[in-house]
Amino acid sequence: MDTPQLSSLYQQLILEHYRNPRNKAELKEKTVEIHMANPVCGDEIRLQLRIEGDHIAEAKFVGQGCSISQAAISMMTTLLQGRKLDEADALAKRFTEMMHGDEDASKDKALGDLRALKGVSKFPVRIKCALLGFDALQEALKKDGAGETH
Ligand code: ZN
């Protein structure tokens, strides 16, 4: 599918992550893995995390799909390395708010390169593409928390 019309600077950043995805590899020492698909677009990812105690020691993914889904998860994994679990959860919520049109969220520097995806929020069918990685992350955090006592 074509990339929606975004500002050219943001579009370049998205294509750069799509062509040179960060952290795209199998993570051997993973403690949790979530498979997530977006059949409407044909996007498919497996998010793999190594969670140690209260933080994400390492985040990697494998997958295929459109530039938006793959760039979003590449950007997301760069932000997750070494991140506390509650911070990761907050990032997922913040990004979801941005994709649903929240202007404050789109100015939040905590989102880093992910802010390049703001323009995608104007294209309802592509929002799911952008959210795929964070949907997987939220599932992973739920799964990890399930067996633990805090
Ligand atoms: Zn897609």
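**Salt bridges, pair by pair**

Modeller: Arg83 is partly exposed, with a relative accessible area of 24%. (Buried means under 20%, exposed over 50%, and partly exposed lies in between; the probe is 1.4 Å and only protein chains count.) This is a predicted model, where local features need pLDDT of at least 70, side-chain atom pairs count only at pLDDT 80 or more, and totals for chains, interfaces and linings use all residues. Residues are numbered from 1 along each chain as its sequence is written, and side-chain values use heavy atoms, without hydrogens or water.

Arg83 forms a salt bridge with Glu87. That term means a side-chain nitrogen of Lys or Arg within 4 Å of a carboxyl oxygen of Asp or Glu. Here the closest N and O atoms are 3.9 Å apart. Glu87 is partly exposed, at 38%.

Next comes Arg94 with Asp108, at 2.7 Å. This pair links distant parts of the chain, 14 residues apart. Arg94 sits in helix H3 (residues 85-99), Asp108 in the loop between helix H4 (103-106) and H5. (Helices, H or I, of at least four residues and strands, E, of at least two are DSSP runs, numbered from the N terminus.) Arg94 is partly exposed at 25%, and Asp108 is partly exposed at 22%.

Lys118 pairs with Glu103 at 3.6 Å. Lys118 lies in the loop between H4 and H5, Glu103 in helix H4, 15 residues apart. Lys118 is partly exposed at 29%; so is Glu103, at 42%.

Then there is a network: salt bridges link Arg50, Glu52, Glu58 and Lys60.
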